[in-house]
Amino acid sequence: MTTPNAPAVGGGPPRHADLELLERLARARTQLVEQIGHRIVGQHEVVDNLVAALLAGGHALLIGVPGLAKTLLVRTVAEALDLTFSRVQFTPDLMPGDITGTEILDETGGHRAFRFAHGPIFANIVLADEINRAPPKTQAALLQAMQEHAVTSAGTTYPLPAPFFVLATQNPIEQEGTYPLPEAQLDRFMFALRVGYPSRDEEEQIVVDTTGDVTASVSRVLTAAELTALQHLVRRLPAAPSVVRHAVSLARRTRPDDPEASAEVKRYVSWGAGPRASQYLILGAKARAAMDGRPYPDLADVNAVALPVMRHRIVMNFQGEADGVKVEDLIRDRVTTVSS
């Protein structure tokens with residue numbers, strides 16, 4: 001656990017203006033969760049992690065079976081943040097230009113010239129619905145956008161609006177007509193969030209809320225400019241060296257060729273989490289601390305984001321698949337080992 005006097009990296013002690021902004025962030029988090037709750041019943045952990053990803057400026061992959069309100073959740077977040085929203089339904093015949101845009105021949109005013117027609121990716125929040133139903137070529141159209149926040153067409157690079165997020169959904173049980181996401185693309189998602197079934201009480205409330213004639217409204221909590229300012233604040237929060245070491249140790253101990261890797265990791269894992277996992281563990285920890293109004297992240301914040309950060313970055317080998325070893329269990333073991 002860090003203390004206010006602990007030496008830190010990534011910035012000095014928060015300034016007075018930053019402390020006021022931190023209080024604003026904590027209030028906004030409470031208001032945002034409240035607005036989301038007008039339409040989404042339960043799923044508190046998913047909502048908290050999604051808010052943390054937005055504050056950290058990261059993309060998120062929502063994994064769950066149909067009917068769990070993944071699309072509604074993303075749309076509601078966009079409304080509460082007053083962000084432009086675009087939905088792309090991924091299908092096997094979707095082409096890269098259908099996402100990024102394409103050059104078209106414009107004959108306006110008697111002159112013929114090519115101009116770039118912006119695709120649906122030019123929005124603050126892009127919902128890539130059922131992303132694994134499109135072939136790898138189309139999935140790859142998102143790579144530059146997710147990493148560089150820009151799109152290149154015909155040699156010209158077009159910046160995307162800020163802030164920019166790709167929130168993708170994926171059905172984990174459907175196999176026919178799907179294409180597994182390449183590891184390079186999975187690595188661009190900060191979090192992979194598992195959306196589970198609601199409890200009985202929650203499901204009864206969902207049925208009551210969605211079978212009536214009243215549609216819940218959502219009020220704006222933040223503007224795009226305010227969200228961008230809060231993202232910069234999250235990055236300015238200092239992380240103590242002990243917290244950074246903890247995050248790096250968590251990531252490195254998932255790699256079978258690392259000297260500190262356990263016998264279980266060496267036996268069951270082909271590839272462990274890369275350096276992006278270490279970066280996102282710290283960013284996620286900073287975001288969680290900021291959401292609570294705390295100016296410094298601690299070890300518990302890192303542990304809290306370990307599963308969503310690393311579950312999609314660890315590749316099991318044949319032995320692990322055959323023995324039914326779960327990635328989540330491996331991560332929990334690493335968290336317990338490093339924390340002890």
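These legends accompany close-up views of one predicted protein model.

Residues are numbered from 1 along each chain as its sequence is written, and side-chain values use heavy atoms, without hydrogens or water. Because the model is predicted, local features need pLDDT of at least 70 and side-chain atom pairs count only at pLDDT 80 or more, while totals for chains, interfaces and linings use all residues.

View 1. Helices (H or I, at least four residues) and strands (E, at least two) are DSSP runs, numbered from the N terminus. The C-alpha trace spans about 70 × 50 × 50 Å along its principal axes. A compact globule of 340 residues would have a radius of gyration near 20 Å, and the 21 Å of the protein agrees. That radius is taken over C-alpha atoms; the globule rule is 2.2 Å times the number of residues to the power 0.38. Buried residues make up 49% of the 340. Buried means under 20% relative accessible area, exposed over 50%, and partly exposed in between (1.4 Å probe, protein chains only). Of the contacts with a separation of 6 or more, 78% join residues 24 or more positions apart. A contact means heavy atoms within 4.5 Å.

**View 2. The largest pocket, with a volume of about 750 Å³.** On a 1 Å grid over the protein atoms alone, a pocket is an open set of points with protein on both sides within 12 Å along at least five of seven lines; a cavity is a set where a 1.4 Å probe fits but cannot get out; lining residues have an atom within 4 Å of a point. Points are joined across faces, edges and corners, and a volume is the space filled by probe spheres set on them. The pocket has 28 lining residues, with Q170, L186, R194, R311 and H312 nearest its centre. At least two lining residues come from each of β1 (59–63), α7 (183–186), β9 (189–194), β11 (315–316) and α16 (327–339). The lining holds 13 nonpolar, 7 polar and 8 charged residues. Ala, Val, Leu, Ile, Met, Phe, Trp, Tyr, Cys and Pro count as nonpolar; Asp, Glu, Lys and Arg as charged; the others, Gly among them, as polar.

**View 3. The largest cavity, with about 80 Å³ of space.** The whole structure has 1 cavity of 30 Å³ or more. Its lining includes L25, A28, R29 and L32, together with L222, L227 and L230. Helices α1 (16–37), α2 (44–56) and α9 (224–236) each supply at least two lining residues. α1 gives the most, with 4. By class, the lining has 10 nonpolar, no polar and 1 charged residues.

**View 4. Helix α3 (residues 70–80), largely enclosed by the rest of the structure.** Here 8 of the 11 residues are buried. Among them are K70, T71, L73 and V74. Just after α3, D82 takes a positive phi of about 55°.

**View 5. Helix α12 (residues 275–291), mostly covered.** In α12, 14 of the 17 residues are buried. The helix should span 24 Å at 1.5 Å a residue, and its end C-alpha atoms, 25 Å apart, agree. The expected span is 1.5 Å times one less than the number of residues. G293 follows α12, with a positive phi near 80°.

**View 6. E260, in the loop between α10 (241–252) and α11 (263–268).** E260 counts as partly exposed, at 47% relative accessibility. S249 is 11 residues from E260 in sequence, and their C-alpha atoms are 8.6 Å apart.
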